[in-house]
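Subject: Structure handover

Hello,

Here is the structure I promised to pass on. Please open it first, then read my notes beside it.

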Amino acid sequence: MRVSVVGAGLGGLALAQGLRGAGIETDVFERDPGIVARFQGYRLVLNLIGFQAVRDCLPTRWHPLLDEIVMDASAEQLILDPQMNEIGKLGAGRTGIVVDRQVLRHLLLTGLTVHTDAALTGYDVLGDGTVQARFARRDPATADLLVGADGVTSAVREVLSPQTIPTDTGVRFVIGRTPLTDEFAGLSKAYGSKITGDGVSLLLGAMRFRTPPKQAAEQLAPEVTLPDIGDYVRWAMILPPNGTLEDLTAQDAVLSRMEGWHPELRALIEQADPDNSTLLSIRVVKPGERWASGPVTLLGDAIHATSPTGGNGANTALRDADLLRRCLIEANEGRQDLLSAVHDYERQMFEYGAEAVRSSLEKLPAFAPDAKLS
């Protein structure tokens, strides 16, 4: 069996690692000109399902390294005013496993064949049941299965399920990170909570590595190269729907909405790393009508993009990767045919994927009351 994965995000890479470990030939095609061509460096909270999924996709020899570069986290999920006074509770406390997306992505990339600058232009299902993917600037690639793990603007989805289109909620958010120093010790109660004022919400989260990732890899898995990164605070400001940014930089857009806020909060943004601060939009993809099962399928944001307020986007993509991995291993071992394996994956993925989108949108009004949810 040979699998082509379009998209080198966490879900696609986790699938590729899992298939590689099972001896299934897998190629990854990424439209970006390079692996680190754009911002992908923020903190994620994985639930038990998401963390176990990525763990099961990785070689067991890397499990000690994975355990060393994550942290356990819990948060009271308070609502604070701009002076850090508690004014309510956002919901029940949250626990999970915290990981840096950039670090995890580099671990997942290790040993894989990834073709960059490979923008998909279409695909054809051939007479023998295989599928040939076409690319703008490289030769076509033929495989037994094509997996679209290429995000909200999925080129694979445009062909496979053209009626499934992203919905823009109108909400924008600025995300960035600041080195975690002693200066920000007083902000600890805000980690995992929401600071609200002047129509915006500011969310903070700490990333503390048990061992710095580069050092951990050198000690535990020398064949792995991880970024040289230290502890930091991930921050995100959710802006009112369709609010103007007046051509400001990411940091200035946030600071312009923090006049009179607690000085430590302002200092946190002022000292942010500008190369890791960016403006993003909140778009969702709701799984619609199922397509006829065949040698093409979708994974992650390509079919069920969620609002980040749900905290379940990466978890659901990793769950997809592990489920599809297990289904394809069954097919490769002759326990069922390929199309039946893909059908089993899609049947389950559509159900929990739709629920992930629904629950994420249900939580969005707490951060952006005027978001468009329909």
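Start with M84. This residue is buried, with a relative accessible area of 6%. Look for M84 in the loop between strand 5 (78–80) and strand 6 (86–89). Its backbone is worth a check too. Phi of M84 is near 75°, which is a positive value in a residue other than glycine.

Please keep in mind that this is a predicted model.

D198 is another residue other than glycine with a positive phi, here near 55°. D198 also sits in a loop, between strand 14 (194–197) and strand 15 (200–207). Is D198 buried or exposed? D198 is exposed, with a relative accessible area of 63%.

Now the whole chain.

The secondary structure comes to 11 helices and 18 strands. The radius of gyration is 21 Å, and the globule rule gives 21 Å for 374 residues, so the chain is as compact as a globular protein of that length. Along the principal axes, the C-alpha atoms fill a box of roughly 65 × 50 × 40 Å.

How much of the chain is buried? Of the 374 residues, 56% count as buried. The accessible surface comes to about 15,500 Å². Carbon and sulfur atoms hold 47% of that surface.

Then the charges. The chain has 36 positive and 48 negative side chains. The centres of the two sets lie 2 Å apart.

- Helix 1 covers residues 10–21, which makes 12 residues. Its span from first C-alpha to last is 16 Å, close to the 16 Å expected at 1.5 Å a residue. Helix 1 is mostly covered, with 10 of its 12 residues buried. Among the buried ones are L10, L13, L15 and L19. G11, G12 and G18 of helix 1 are buried as well. G23 follows helix 1 and has a positive phi, near 80°.
- Helix 10 covers residues 313–332, which makes 20 residues. Helix 10 reaches 28 Å from its first C-alpha to its last, close to the 28 Å expected at 1.5 Å a residue. Why is helix 10 described as largely enclosed by the rest of the structure? Because 16 of its 20 residues are buried. Just after helix 10, G334 takes a positive phi of about 80°.

Now some single residues. For each one, find its place first, then follow the distance to its partner.

L204 is in strand 15. At 2% relative accessibility, L204 counts as buried. What does L204 touch? Leaving out residues up to four places away in sequence, its contacts include L187, Y191, I195, V233, W235, L265 and L268. R234 is also one of the residues that L204 touches. L204 and L19 are 185 residues apart along the chain, and their C-alpha atoms are separated by 36 Å. L19 is one of the buried residues of helix 1.

T169 is in strand 13 (residues 167–179). At 0% relative accessibility, T169 counts as buried. T169 and A133 are 36 residues apart in sequence. In space they are 32 Å apart, C-alpha to C-alpha.

D117 lies in the loop between strand 8 (114–115) and strand 9 (120–125). At 30% relative accessibility, D117 counts as partly exposed. Which residues does D117 touch? They are E30, R31, D32, P33 and R137, not counting residues up to four places away in sequence. D117 and G186 are 69 residues apart along the chain, with 44 Å between their C-alpha atoms.

A366 lies in the segment after helix 11 (338–363). A366 is partly exposed, with a relative accessible area of 41%. A366 touches L90 and K194, again not counting residues up to four places away in sequence.

Best wishes

Notes. Residues numbered from 1 in each chain as written. Predicted model: local features only at pLDDT ≥ 70, side-chain atom pairs only at ≥ 80, totals over all residues. Heavy atoms only, no water. Helix = DSSP H or I, 4+ residues; strand = E, 2+ residues; numbered from the N terminus. Rg over C-alpha atoms; globule rule 2.2 N^0.38 Å. Buried < 20%, exposed > 50% of the residue type's maximum accessible area, 1.4 Å probe, protein only. Areas by Shrake-Rupley, 256 points an atom, 1.4 Å probe, with all protein chains shown as cover. Lys, Arg positive; Asp, Glu negative; His and termini not counted. Charge placed at Lys NZ, Arg CZ, Asp CG, Glu CD. Expected span 1.5 Å × (residues − 1). Contact = heavy atoms within 4.5 Å.
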